[in-house]
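Here is a short briefing to read alongside your model. It starts at the ligand and then moves on to the sheet.

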Amino acid sequence: MKLVLAKDYRDMSRKAANVISAQVILKETSVLGLATGSTPIGAYQQLIEWHKKGDVSFASASTVNLDEYCSLPSSHEQSYLSFMNANFFDHIDIRRENAHLPNGMARHYEAECEAYDALISRLGGIDLQLLGIGPNGHIGFNEPDEHFMMKTHRVRLSDATRQANARFFGNDPNNVPEFALTMGMLHIMQAKKILLVANGQQKLAVLDRALNGPVTPRLPASLLQLHPDLTVVFSEK
Ligand code: PGA
């Protein structure tokens, strides 16, 4: 594991964007695993800036996002598709047909989950997976559980996650969708490289437990200890 300490959020974002940009420059057809949440927004902004300057192109890349809420139409402003459009896709040259998220509105969610795993396999797996970490140690929406969930699956969001995401839903955890579809641990762990970004004191505590404590499904991010090419970019501020 490589731990890169950044001096602040902006520095963390630039360092993360450098890793993503290098990936796409060295392999134009990269499959990028992407994440939502507040933490990666600065990295997306930096990539947009570099793209506008002509330094990086996503025209031949594909993306697969980690997760999507269930029962939230994709047009809803808090859907992860809306998030990705507003924070990244609308500002770069990715071909829309190459930018994938699970369909949280799928009526037959088991079939949707199977199709999402099959799609990632068909793309040849993920070259670089970007991750944030939840305050409870989740990655994607792989919530603390009795066992690791390997495949894309539907998950009931934990109270901690609904509490953490309430800020996007009128500060009421009850407004946060109860379920989501999330990539499982298999495609995350099979990614050739993993880049985890985190900032702030609250994340320091969970990151320390994830990287230095026992590997346990009670803290899904702890499985990352076993990944052969994990880079963590952390800033305390
Ligand atoms: P955050 O979310 O970046 O908004 O803190 C991280 C996560 O829940 O994975």
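The model is predicted, so to speak with care: local features need pLDDT of at least 70, side-chain atom pairs count only at pLDDT 80 or more, and totals for chains, interfaces and linings use all residues. Residues are numbered from 1 along each chain as its sequence is written, and side-chain values use heavy atoms, with hydrogens and water left out.

**Ligand contacts**
- Polar contacts here are pairs of N or O atoms within 3.5 Å.
- An oxygen atom of the ligand lies 2.6 Å from a side-chain N or O atom of Lys203.
- Of the 280 Å² of accessible area that the ligand has on its own, the protein covers 84% (Shrake-Rupley method, 1.4 Å probe).

**Sheet**
- Seven strands (DSSP runs of E, at least two residues) make an open, parallel sheet in the order β1-β10-β9-β6-β2-β3-β5, where pairing takes at least two DSSP bridges.
- β1 (2–6) and β5 (99–100) are the edge strands with a single partner each, so one side of each has no neighbour in the sheet.
- Strand β3 (residues 62–65) runs parallel to β5 and is joined to it by two bridges.
- Thr63 has Ala99 as its bridge partner in β5.

Note on methods
Polar contact = N/O pair within 3.5 Å; in protein donor to acceptor, adjacent residues only side chain to side chain. Helix = DSSP H or I, 4+ residues; strand = E, 2+ residues; numbered from the N terminus.
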